[in-house]
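Dear colleague,

Please find below the structure that I am handing over to you. My notes on what was found follow directly after it.

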Amino acid sequence: MDSLTLICTVGLLFVGLYWFVCIHGPAEQKGKRAVDLSGGSISAEKIQDKYHQYWSFFRRPKEIETAEKVPDFVDTFYNLVTDIYEWGWGQSFHFSPSIPGKSHRDATRLHEEMAVDLIKVGPGKKILDVGCGVGGPMRAIAAHSRANVTGITINEYQVKRAKMHNKKAGLDSLCEVVCGNFLEMPFEDNTFDGAYSIEATCHAPKLEDVYAEIIRVLKPGSLYVSYEWVTTDKYVNESSEHREVIQGIERGDALPGLRAYNEIAEAAKKVGFEVVKELDLAAPPAQPWWDRLKMGRIAYWRNHIVVTVLAAIGVAPKGTVDVHDMLFKTADYLTRGGETGIFTPMHMILCRKPNSVPRSDS
């Protein structure tokens, strides 16, 4: 190979790598580039240690359901995964049913808009987003309803990202983000006209605790809707295959133990909610929500190669490869959970705060 051919080959490889990483990288929205991957609020040199600490803490998920360290554990998880989620998935950290003829992005937006339609809150009203992440759902809901949305997330890095995205989208006048624990929210009683949580309260050690906080900050008569991660009536605890799938989901998504579908309404009623409606939004005739994971396997492999290369040359922090590998394996467990029907990430429960609510001792 002569020198000119070599130079041209190297140049083409460089251009191809630049396009692959910097332009084509983000799967849904250009909010994060592969070369900007970080560990959130964790310093680069501590990412690998934090990953090993996370894995050690979560080795036996059923033993930490009441652990006081769960909030810190969840915070660490989102420091580790937020950039990777944004880069490879988008700004909405949740699933939605596939809709024929619609892109994943449009299906996600419609799934989010349904939440605010269910709680019937419109312009000028105040809504609470419980576990808002980087604010993808918040922005879709604010744009759709023109209501004022306040999101709460335990992760400071996500607050920073959400505020940046809100301003970029021109929605910062409608969207506010607060850093805090949804088990002890920094809001006065009877503050909000409605509330929603999209695949977020699954991180609570006890569902009653977060539901009790939500009912406290809602105005009497207001509605709350949640999309919950649960095991379905097809889950058989005696099945080693079923247990492997569910524990794989728990370990890979920072869950202190998945709840059964029939425990959700019970928890809501225990804190004083009236249950208006309850159903699995993933049940037929809804199209499979896990199709996006299956169709994205090539992208996952592509992204893993990119992350490995960037970590090897010192652009991405050491430990990023481990985190991405964990998420890659978790995607497989989620797919198996969906295909077997033993798991759903969108068990919907719609609740109303009565005009008079007795104080809960839970």
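Glu 199 counts as buried, because its relative accessibility is 5%; buried means under 20% relative accessible area, exposed means over 50%, and partly exposed lies in between, with a 1.4 Å probe and protein chains only. Glu 199 is located in the loop between strand S4 (192-198) and helix H7 (207-217). Helices (H or I, at least four residues) and strands (E, at least two) are DSSP runs, numbered from the N terminus. The phi of Glu 199 is positive, about 55°, although Glu 199 is not a glycine.

Please note that this is a predicted model, in which local features need pLDDT of at least 70 and side-chain atom pairs count only at pLDDT 80 or more, while totals for chains, interfaces and linings use all residues. Residues are numbered from 1 along each chain as its sequence is written, and side-chain values use heavy atoms, with hydrogens and water left out.

Lys 120 also has a positive phi, near 55°, and is a residue other than glycine. Is Lys 120 buried or exposed? Lys 120 counts as exposed because its relative accessibility is 69%. Its place is in the loop between H4 and S1. A further backbone feature is the cis peptide bond from Pro 284 to Pro 285, with omega near 15°. Pro 285 belongs to the loop between strand S7 (274-280) and helix H10 (291-295). As background, most residues other than glycine have a negative phi, and most peptide bonds are trans.

As to the overall picture, the protein chain has 12 helices and eight strands. Of its 362 residues, 54% count as buried. The chain exposes about 16,600 Å², of which carbon and sulfur atoms supply 53%; accessible areas come from the Shrake-Rupley method with a 1.4 Å probe, and for residues only the protein chains shown count as cover. Among contacts (heavy atoms within 4.5 Å) in the protein chain with a separation of 6 or more, 79% are between residues 24 or more positions apart.

Strand S1 (residues 126-130) pairs with S2 in the parallel sense over five bridges; two strands pair if DSSP finds at least two bridges between them. Lys 126 stands opposite Asn 148 in S2. From S1 the chain crosses through helix H5 (residues 136-145) to S2, a right-handed β-α-β crossover. A crossover is right-handed if, with the strands pointing away from the viewer, the path from the first strand over the helix to the second runs clockwise.

Strand S2 (residues 148-153) runs parallel to strand S3 (residues 175-179), and five bridges join them. Here Val 149 stands opposite Cys 175, and Thr 153 has Cys 179 as its bridge partner. The crossover from S2 to S3 passes through helix H6 (residues 156-168) and is also right-handed. Why is S2 described as largely enclosed by the rest of the structure? Five of the six residues of S2 are buried, so this description applies.

Within helix H6 lies Asn 166, which is buried at 1% relative accessibility. Leaving out residues up to four places away in sequence, Asn 166 touches Met 138, Arg 139, Leu 171, Asp 172, Cys 175 and Val 177.

How many disulfides does a search of the whole structure find? The search finds zero; a disulfide is taken as a pair of cysteine sulfur atoms within 2.5 Å. For Cys 132, the nearest cysteine sulfur is that of Cys 179, 9.4 Å away. Cys 132 is buried, at 5% relative accessibility. For Cys 175, the nearest cysteine sulfur is that of Cys 132, 9.5 Å away. Cys 175 is buried too, with a relative accessible area of 8%.

Finally, the interior. A nonpolar core is a set of buried Ala, Val, Leu, Ile, Met, Phe, Trp, Tyr and Cys residues joined through side-chain atoms within 4.5 Å. The largest has 46 residues, and Ile 127, Tyr 196 and Trp 289 are among those that touch the most other members. A second, separate core of 27 residues includes Val 130, Phe 192, Val 210 and Ile 215.

Ile 119, in helix H4 (residues 104-119), is buried with a relative accessible area of 3%. Its C-alpha atom is separated by 5.1 Å from that of Leu 223, 104 residues apart along the chain. Beyond four places in sequence, Ile 119 touches residues including Ile 127, Leu 223 and Leu 350.

Yours sincerely
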